[in-house]
Number of protein chains: 2
Amino acid sequence: MARESNKDPETLRDRLVEAALEILSAEGIEGLTLRSVARRVGVSHGAPARHFRSLSDLRAEVAAVGYRSLSESIEKACAQIPAEPSPDGPLEGGPFPRLPAAGRAYLDCALANPGLFALMFRPGDLDFENASLARDSQSAFNQLHEQVRIAQSAGWKPTHPSRLVAGALWASIHGLATLWVQGAYQGVNPNVSIDEAVATSFALSAPDPVSLTDKENEHE
Amino acid sequence: MARESNKDPETLRDRLVEAALEILSAEGIEGLTLRSVARRVGVSHGAPARHFRSLSDLRAEVAAVGYRSLSESIEKACAQIPAEPSPDGPLEGGPFPRLPAAGRAYLDCALANPGLFALMFRPGDLDFENASLARDSQSAFNQLHEQVRIAQSAGWKPTHPSRLVAGALWASIHGLATLWVQGAYQGVNPNVSIDEAVATSFALSAPDPVSLTDKENEHE
DNA sequence: GAAATCCAGTTGACAGTGTCTACAAGGTTC
DNA sequence: GAACCTTGTAGACACTGTCAACTGGATTTC
């Protein structure tokens, strides 16, 4: 969505958001200030005020870019898995592996840019009562929700409301991403790889294709 | 552990930590500064430097208090449930309900003091490579880990490493607490109560006493 | 007992921050 | 051409963390 450096006459507003993303990636969330953004772009410290009412306003804008990017990553990850279950069984395709794929994409986004992820979800930084922010963050959730609905229509946890199931899965993977990014998980559970951690989360809460089909292929 | 206002000749260090907790509770994490703490205690702005090398140092100390309080709450919640399964079935007592109880206690701590919870787990604020901090945060996790071991010894997910299962459960409840405290969950999933949300999380990932015993009492 | 030392808190300074106001330059509109 | 609006500049203000110099009192040492 965010076409980058296509058009040369980029507006200052766009350049400020771009600079903010670069700062988040390079220095983390602590380095993101209105003045550092202005410095990076090469304008005076008061210039950003023409485009963002406050620092919170800039943060919300950058977070929105992050939400869109997250949503696209999840969509792409799901699309790489065939929509129809493959003849080799549900492990190879279909709706069930799409849920772990979506979760893995979520996690990869957080690990790839911890600063941006922190900005998007750090308590106290953003005001989720802001309507625009709520709308932007909704899209990624809807991706997950859609996959949950498909899995439920195929027989997984069909009696639980899909929105609640999607919320629980989101919380599960989000919690792991948060704890991992800040090092809290590694602090209490050292020598565990992120792959092992996420696999265990999936094993506990995501639909298990094997158990769903264990009447057909019990020993696989 | 933190005996409050027992001894009158409290040290300034203790009073600073106490003031920091009050500020977190009243104004949230944004209001916590070295100077605001000094003001509340009634000392000069430079006084805290005698007891804390930096603002991060004060934050770590306050977070440690939060970890201890969290650990005690979990312990207390578990202790209220009989250790031996009751004759009415596993729902009424024994190790399995202790896991949801621990999770619920964790969540209640976050909801009761969002500012302190944010301080304890906000990415970028704390350095979990700090040995003391890691040790303090370990205790609450160990509570959960112990309950997982008990549940596993009773037959729940016995093949998964207990540390990984405990980590996954922690991530699940921690994610819900984080998303709820900052309003992100409500933003995408309005009109859902925290009770419904947490019940769904438990239904997905926590051990289900009913399914474990459904050979005896299938329709309950 | 006097002197030296140390500790805890004060005070002032500095650079950095967000935000506000006044201002200037350039384009647009009537 | 004049009025106006937009956009960026420049300076000020209050706030922050951090540092160094200082002060007063308690403690230690001779």
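In this predicted model, 44 residues of chain B are in contact with 44 residues of chain A. Two residues are in contact if their C-beta atoms, placed from the backbone, lie within 7 Å. Several helices build the side of chain B that touches chain A. α5, α6 (131-153), α7 (162-181), α8 (184-188) and α9 (194-205) of chain B each supply at least two residues. α7(B) gives the most, with 13 residues. By class, this side of chain B holds 22 nonpolar, 17 polar and 5 charged residues. Here Ala, Val, Leu, Ile, Met, Phe, Trp, Tyr, Cys and Pro count as nonpolar, Asp, Glu, Lys and Arg as charged, and the others, Gly among them, as polar.

A word on conventions. Residues are numbered from 1 along each chain as its sequence is written, while chains are lettered from A and ligands numbered from 1 in the order in which they are written. Because the model is predicted, local features need pLDDT of at least 70 and side-chain atom pairs count only at pLDDT 80 or more, while totals for chains, interfaces and linings use all residues.

How are the two copies related? The same surface serves both copies, since 100% of the contact residues of chain B recur in chain A.

Now take chain A by itself. Chain A has 10 helices and 0 strands. Helices (H or I, at least four residues) and strands (E, at least two) are DSSP runs, numbered from the N terminus. Of the 220 residues of chain A, 45% count as buried. Buried means that 20 or more other C-beta atoms lie within 10 Å of the residue's own; exposed means 12 or fewer, and partly exposed is in between, with C-beta atoms placed from the backbone. Among contacts in chain A with a separation of 6 or more, 68% join residues 24 or more positions apart.

One residue links this chain to its partner. A:T178 lies in helix α7 (residues 162-181) of chain A. A:T178 is buried, with 25 other C-beta atoms within 10 Å. Not counting residues up to four places away in sequence, A:T178 touches A:F121, B:P123, B:H174, B:G175 and B:T178.

Next, look inside chain B. The axes of helix α1 (residues 12-27) and helix α5 (residues 114-121) of chain B come within 7 Å and cross at roughly 110°. Axes are lines fitted to C-alpha atoms, for helices over the stretch in contact, and angles run from 0 to 180 degrees between N-to-C directions. α1(B) and α5(B) are therefore roughly perpendicular to each other. Angles of 65 to 115 degrees count as roughly perpendicular, under 35 as roughly parallel, over 145 as roughly antiparallel and the rest as oblique. On α1(B), B:L21, B:L24 and B:S25 meet B:G115, B:L116 and B:L119 of α5(B).

Finally, turn to the DNA. DNA strand C is surrounded by 16 residues, and the closest are A:T33, A:S54, B:V43, B:S44 and B:G46. A residue is near a strand or molecule if its C-beta atom, placed from the backbone, lies within 6 Å of it. Helix α2 (residues 34-41) of chain A brings the largest share of this surface, 3 residues. DNA strand D is surrounded by 15 residues, and the closest are A:V43, A:S44, A:G46, B:T33 and B:S54. Helix α2 (residues 34-41) of chain B gives the most near DNA strand D, with 3 residues.
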